[in-house]
Amino acid sequence: MSLPPTDISPFRQRRARLLAHLRAQGGGIAVLPTAPAAVRNRDAEYPYRHDSDFYYLSGFIEPEAWLVLIAGADDRALLFCRPRHPEHETWEGVRCGPEAAAERYGFDEAHSIEALDQMLPELLLDQPALYAPSTPDDAQAARLRGWMAAARERARGGRRAPEQLRDLRGVVADMRLVKDPDEIAAMRRAARISAGAHARAMRAARPGMHEYELEAELLYEFRRHGAQAPAYTSIVAGGANACVLHYQAGDTVLHDGELVLIDAGCEFDSYASDITRTFPVNGRYSGPQRALYDLTLAAQDAAVQATRPGLSFNDGHLAAVRVLAQGLIDEKLLEGSLDGVLESGAYTRFYMHRTGHWLGLDVHDAGDYREPGAGGAERPWRQLRPGMVLTIEPGLYVRPSDDVPAHYWNIGIRIEDDALVTDTGCELLTRGVPVDAREIEALMRE
C-alpha cells in the first residue's frame, strides 16, 4: 500500500479543478468510491490497492471510503471513511478515522462511512445532476439506486432529486491525461527503480536459470528501493514464450542461444512505470536476433521522433509500423512493396499490437485516445501536449512457419520506454537501463 501524501495541496487543487468543471456544467454533486478489498481465498485477502480516480482526488489510501463533492455557490468536499476501532486496528493497523481525516487530507467535512446511507439522500436534494462512475460494480450501483430512490421520497415543498445522471470517470480521465509536477516526480522515481531492476536482471541472467529466478531479481530490486509493489504482473519470457504477448514468468528454463523478454515495472507512491527489454540469455545476440532487434530499436527511434506536442497519439505508431514493415521486407519475412504491405496489414502477422498507451496511476492509464466530441471512431486522434506520459513499445514476434526461415523461429522482441511529452519533444524516463544491443552485451559481461 502506498504511503499517505506528505503534501495535500495537489489533491486540493485537483478537487478545485473538478468542482470548477461541474459548476461550468450547471452544478451538481459527484460521488466516488474507492476500490473494495478483495478476498484471494478463504481468510486471505489480496494486497489492497485503492481506486486510482479516488486517490487522484483525495490522496486517501484506506478501503471503505467515499468521496463526495458538491459544486455550487459554496463548494464542499466531504470524505466518508471508516471510524477508529481499537479491536480491528490491533489486527489491521491504525485507521485515520473521520476526526483526523478532514484536517490531514484537506476536506471541508469528514464523516463515518456508517453515516453515508443516511446523509447521501439529503445531500442529493436540489442538485441538478449526479456525477458517478458510469460502470460501478453491482453493490455500488445498488447503493446509488437506493440513494436516488430515498431522495425522491424525501423531495417535497419544491425540493427535488437530481434529474440527470452523468459519468464522472470520463471527466476525471481527461484531467489525468496531463500530469502535474508531483505526478511526474513520482513517475521519475518509479522509472529509475524499474530501470535498475532490469539492469540487475541482465547481469544475473545465464543459461540454466528459470524465468522465475529473474522475476525474483526484479521484485527484490523494486522493494529494495522503496517501491510498494509491481505495477503489474511481470512478464519474463524465455525463447518461444516471448511470442506470447501477456505471458507471465513461469518455470521455463532459459537456454543458451535464446532471447529472454522482460516486461516489468514497479509502482511508486501509486504511479506506474513500464519497461520492456529483450536480451540474449548467454550475453550475445546471434545474427538473426541482432537483425530483428536493431530493426525494432529503429522503429522505436522513429516513434520517439514522432512523439512531440502538436502531433497526434497515433503518429508514433504510424512511424514505427512504417519502419517495421520495410525491415520485414528487407529481411525477406514479407514480400511486396512497402505501400502494399501497409495497406494490406500483412505486417500484423509479426506486429499485432499498438506502439503505446497512456501511463500514470494505472499502467494502461485513463484518458481517451481520440479527441472528445461526436464521431465515435472517426474522431481525430488526441493531440499530444506537454505533461502527457505514454509508452513507446514496438515489437516483433516470429513463430515457426513453413514460409519463415528457421533461423528466425521463436524470436520475440519488444523494446519499451516511458516517454514524458515536453515542450519540444519527449523525454524517455526509463533509459537508466541500456537499450542499444552493444551496451546490453557490455552490461551482461560485467
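Reader: Over residues 6-141, what are the percentages of helix and strand, and how many Å apart are the end C-alpha atoms?

Author: This is a predicted model, and the stretch in question is listed by UniProt, in an unreviewed entry, as "domain: Aminopeptidase P N-terminal". Over residues 6-141 the chain is 38% helix and 23% strand, with the end C-alpha atoms 33 Å apart.

Reader: Where in the chain is aspartate 180 placed, and is the residue buried or exposed?

Author: Aspartate 180 sits in the loop between helix 7 (169-176) and helix 8 (181-204). Its relative accessible area is 17%, and since buried means under 20%, aspartate 180 counts as buried.

Reader: With which residue does aspartate 180 form a salt bridge, and which parts of the chain does the pair tie together?

Author: Leaving aside neighbours within four places in sequence, aspartate 180 is in contact with Pro10 and Arg14, and its side chain makes a polar contact of 2.8 Å with the side chain of arginine 14. The closest N and O atoms of aspartate 180 and arginine 14 are 2.8 Å apart, and the two residues form a salt bridge. Because arginine 14 lies in helix 1 (residues 9-24) while aspartate 180 lies in the loop between helix 7 and helix 8, the pair ties together parts that are 166 residues apart in sequence. Both residues are buried, and the partner asked for is arginine 14.

Reader: How many residues apart in sequence are the parts tied together by arginine 82 and glutamate 62?

Author: The side chains of arginine 82 and glutamate 62 meet in a salt bridge with an N to O distance of 3.3 Å. Arginine 82 belongs to the loop between strand 5 (76-81) and helix 3 (86-92), and glutamate 62 to the loop between helix 2 (52-58) and strand 4 (66-71), so the parts they tie together are 20 residues apart in sequence.

Reader: Which strands hold aspartate 417 and arginine 277, and are these residues buried or exposed?

Author: A salt bridge of 2.9 Å, N to O, is where the side chains of aspartate 417 and arginine 277 meet. Aspartate 417 lies in strand 18 (residues 417-421) and arginine 277 in strand 14 (residues 275-280), so the pair ties together parts that are 140 residues apart in sequence. Both aspartate 417 and arginine 277 are buried.

Reader: Which helix gives the most to the lining of the largest cavity, and with how many residues?

Author: The structure holds one cavity of 30 Å³ or more, and the largest cavity has a volume of about 90 Å³. Its lining is made up of 15 residues, of which Phe313, Gly316, His317, Thr355 and Leu390 lie nearest its centre. Helix 11 (313-330) and strand 15 (389-392) each supply at least two lining residues, and the element that gives the most is helix 11, with four residues.

Reader: With the side chain of which residue does the side chain of asparagine 314 make a polar contact?

Author: Asparagine 314 is placed in helix 11 and counts as buried at 9% relative accessibility. Not counting residues up to four places away in sequence, asparagine 314 touches Arg354 and Trp381. The polar contact, at 2.2 Å, is with the side chain of arginine 354.

Reader: Is arginine 414 buried or exposed, and with which side chain does it make a polar contact?

Author: Arginine 414 lies in strand 17 (residues 411-414), and at 4% relative accessibility this arginine counts as buried. Not counting residues up to four places away in sequence, the residues that arginine 414 touches include Arg277, His353, Glu393 and Asp263. Its side chain makes a polar contact of 3.0 Å with the side chain of aspartate 263.

Reader: What is the phi of aspartate 269, and what is that of asparagine 410?

Author: Aspartate 269 is found in the loop between strand 12 (266-268) and strand 13 (271-272) and counts as partly exposed at 26% relative accessibility. Asparagine 410, in the loop between strand 16 (395-398) and strand 17, is partly exposed with a relative accessible area of 33%. Neither residue is a glycine, yet phi is positive, about 50° for aspartate 269 and near 65° for asparagine 410.

Methods: Residues are numbered from 1 along each chain as its sequence is written. This is a predicted model: local features need pLDDT of at least 70, side-chain atom pairs count only at pLDDT 80 or more; totals for chains, interfaces and linings use all residues. Side-chain values use heavy atoms; hydrogens and water are left out. Buried means under 20% relative accessible area, exposed over 50%, partly exposed in between (1.4 Å probe, protein chains only). A polar contact is a pair of N or O atoms within 3.5 Å; within protein, one must be able to donate a hydrogen and the other to accept it, and residues adjacent in sequence count only if both atoms are side-chain atoms. Contact means heavy atoms within 4.5 Å. A salt bridge is a side-chain nitrogen of Lys or Arg within 4 Å of a carboxyl oxygen of Asp or Glu. UniProt positions are given in the numbering used here, feature names are shortened, and annotations may be inferred rather than shown by experiment. On a 1 Å grid over the protein atoms alone, a cavity is a set of points where a 1.4 Å probe fits but cannot get out, and a pocket is an open set with protein on both sides within 12 Å along at least five of seven lines; lining residues have an atom within 4 Å of a point. Grid points are joined across faces, edges and corners, and a volume is the space filled by probe spheres set on the points.
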